[in-house]
Amino acid sequence: MAMPAFFQNLDLKTKIVAASIGMFVAAIWLLAHDVVEEVRDDVKAVVAAEQTALVEHITDSLEEEAKLRINTLKDVASLISPELMANPERLGTRLGELKYIGRLFNLGVSVISPEGTGLVDFPVLKGRSGSDFSQLDYFQGIVAGEEVAVSRPRLGRFSKQPVVLIAVPIRNADGRIIGVLAGANSVSDSDFFTEIIPRQSRLDGEFHIVSPRDRLFVASTRKDRLLQPLPAAGVNRMLDRYAQGYEGSGVSLNAEGVETLSSSKRIESTGWAVIATMPTATAFAPIRRLEFEIYKDAALASAFIGVLLWLFVRRQLLPLEHSAEMLNAMATGGRPLSPLPVEGGPEIRQLLDSFNKLHERIGAQKQSLQDNAEQLRLAASVFDGTSEAIAITDSDGRIISVNKPFCRLTGYEPGELVGQNPSLLKSGRHDAAFYAEMWRSLTATGNWSGEVWNRRKTGEIYPERLTISTIYDAQGQVQRRVAIASDITAQKQAEDIIWHQANHDLLTGLPNRRRFLELLEGELTRADSLDMVVGVLLVDLDRFKEVNDTLGHAIGDRLLLEAVRRIATCLSEGDVMGHLGADEFIISLLDGQDTARLEAAVAAIRMVIAQPFRSDADTIHLTASIGITVYPTDGSDIEELLRNVDQALREAKDGGRDRSSCFTESMREAGQTRLQLANDLRGALAAGQFEVYYQPIIHMETRAIVKAEALLRWRHPERGFVSPALFIPIAEETGLICDIGNWVFRQASAVARRLCDRCGYMLDDACRRELLASPSAPCPFQIAVNKSPRQFFSGFSHLEWPEHLRDLNISPRCISIEVTEGLLLGQHAEVTERLTKFREAGMQVALDDFGTGYSAMSYLKRFDIDYIKIDQSFVRDMTTDSSDRAIAEAIIVMAHRLGMKVVAEGIETEEQYALLAAAGCDFGQGYLFARPMPAEEFEPLIGALGPREA
């Protein structure tokens, strides 16, 4: 009861201020609390999602690594036969040949007998071979029928390191288990465990790999957790859920009593789980800072509003205080009795009106006037106090009143607007049809709403959302129209930003493909109306990918921006340039019928791109290939122009790069032909349309046929013979060359097998050259098979061809492999490994088209080459061109010094033959001796094959 009494004794001003501040403070703090809660939930969700995404990335990477090791063990197990199991020495040698095992299992692999005894390990680890593994969990799991068993993480008996083993069964042809193959990885220093967990992350915290089955930490960013047991059940609620198979995120207390946010995902192939943890004090630190800022702002706002409200109420109650002073003076006789001024709120007026009963008539009239004035002030206060801009017009459309926000919006003073027509604000952006539709709606419905561009007094054009309503009189005639407007400049700016990002490349700011096509369509329309042409250029930076691969994408991005700047200097203001992605730019420009400006622009672009690019300490040299097409000469629509310019660019790049190429009708025909051939090529092998022709290669001294090159021919059912120069590149691009190349090899091997039947080294239906002659003695006859570079990088096995020759019981030297110079220059590890395997299998290697590419003689020392083939471009003119003759002679001398034989291609005259024979060339090939021919014509040319001298 004391509190209400105390509150009642307060003056009216204090009561109003206290009540208003109390309600405002309650509202603003409630709002602040709701905002904080919503932000907290959002931040928690974002942090959990980011942590979950990182765990999923790590899990996917570990899953791939685990599957790679499991599949590798299965592949190796499939190679182990019962014979190898019976011969541990051979088995160990065989494991030693599989070098990739050491990269995947850094503690090696072991082969265990069905009884659990270690037979072979690689690499050899002291004590592992001969040990008893029968009681180990992974061995018992395989014996029990599991296809893959992952061991409990433990300290290795032999390596003395924390280790995890993966085991698979070794089966015989009947599926019976004849052994177990186990691979070991160190938990502490294997790429499998350590490199896959990020050492640094934008999320602070810890990462663990745990084995729920064994309730152990397999790996962890905390070294003290390695191979340690998981906390007891009930200590960490989320860890218990993860161990039971739950995948997701949650908050719980860890074993140290720290609240943490954690996420988990299971590795299916091993049964492990990846868990990321982070203290919530770190994860949600931004929330606490934000809470402090929000509550601080709420407190400041409360204090500020309280002061303003106190001043406002004090001002509003000043008339009441003044009247009280006057009444007190009248009561004490200090002032004669007189009417009090009637002002202030209704309560004050009622109080003063009671005192003014003595002046009833004057007071009543005065009160009436004051009431009317107050209503007008109230209406004016609402009119000016709203945030919306309001203008009121009469029935003739003249402005009779505007509020302050309207003046702020337009920049005009009220006196400049009253009496004017709203057309004063027209921007000129809308046509007559727009305003006619607006008046039609107003006339029909009395209302209109939409977006309008108006002009401020300063001349600035701005967008606004405008709503117009009509007020009718009692007779239904228009009395007033009220227009309410709001500035939507910020909204339009946001829409412009979104539109720009959707239609322009983020790096260069150029129009993207979709936007460029829209602009190009407008250019084509302009060209039609002006009787001009539109040139479309497709600019490709040659070998730009090498810059990204060697110097990094950051430098590549800076180079792209510099290229854009340079190209822009070659264009006019009205030209349009777009970025199609990577290193391709597309340009359209209007030109006269003579296309002189188009040609000048192309030359200028090539010149500015060819100038060196400098980035820090690096100087980069690039060139540009440019495809050109012209509208309407080359095409009537955008789609056709894009096809044409693509073909023109292909022609420029195929011609050696650093050049421009204009689209021609022959390109269209060539493109259509190429597309049709690519489609026909897919079924050609199955349809039996390929044939293998053989071109003899003679021994230069005796002119006897000792070799032949297998050449692919395609007899198309409609086109007849298709040139290999046309369809071989298509086969390489589509990947069909792998199957076709294997087919050619098998056809050539069959011919070689039939010729071997006539060879003196063939005894008991098998080649005995190594028994009847020295290992280095050449075969009496050899067929050369070309091997495409694509085959070296496909799924083709380097063991397949030698195995096929062994199945035919013929010597690997009966077939030689021809590769191009460019394949060796690439220095790819796959090429080196597979060429080495061919040489180890006994097959010889010939280097085709020697001297025509970017020769680097160093590779002749790195690769074991048997034959060098001099390209026919040197042989063709050697009788008339002393330089070609000198090059051919130098190649022969160099090859002989390196222990290689030389084959000269394209010999067509006796004079060429004589010069090459005199230079010491070993073998010759060309039309002088024979053209390529089918096998049935070629085989009869070969006489009895017997041993010959090299």
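# Helix packing, backbone exceptions and surface features

Student: At roughly what angle do the axes of helix α16 (residues 489–503) and helix α17 (residues 513–530) cross?
Tutor: Helices are DSSP runs of H or I with at least four residues, and strands are E runs of at least two, numbered from the N terminus. Axes are lines fitted to C-alpha atoms over the stretch in contact, with angles from 0 to 180 degrees between N-to-C directions. The axes of α16 and α17 come within 7 Å and cross at roughly 95°.

Student: What pLDDT do local features need in this model?
Tutor: Residues are numbered from 1 along each chain as its sequence is written, and side-chain values use heavy atoms, without hydrogens and water. The model is predicted: totals for chains, interfaces and linings use all residues, side-chain atom pairs count only at pLDDT 80 or more, and local features need pLDDT of at least 70.

Student: Which residues in α17 do Trp-499, Ala-502 and Asn-503 in α16 meet?
Tutor: Contact requires heavy atoms within 4.5 Å. The three α16 residues meet Arg-514, Arg-515 and Glu-518.

Student: How many residues in the contact of α18 with α19 are nonpolar?
Tutor: The axes of α18 (residues 544–551) and α19 (residues 553–569) come within 7 Å and cross at roughly 145°. Phe-544, Val-547, Asn-548 and Leu-551 in α18 meet His-553, Ile-555, Gly-556, Leu-559 and Leu-560 in α19. Of these residues none is charged, 3 are polar, and the nonpolar ones number 6.

Student: What value is phi of Arg-543 near?
Tutor: Most residues other than glycine have a negative phi. Arg-543, in the loop between β17 (533–541) and α18, has a positive phi, near 55°.

Student: How far apart are the closest N and O atoms of Arg-94 and Glu-97?
Tutor: A salt bridge places a side-chain nitrogen of Lys or Arg within 4 Å of a carboxyl oxygen of Asp or Glu, and the count comes to 32. Arg-94 and Glu-97 both lie in helix α4 (residues 88–97), 3 residues apart, about one turn of the helix. They form a salt bridge whose closest N and O atoms are separated by 2.9 Å.

Conventions. Nonpolar A, V, L, I, M, F, W, Y, C, P; charged D, E, K, R; others polar.
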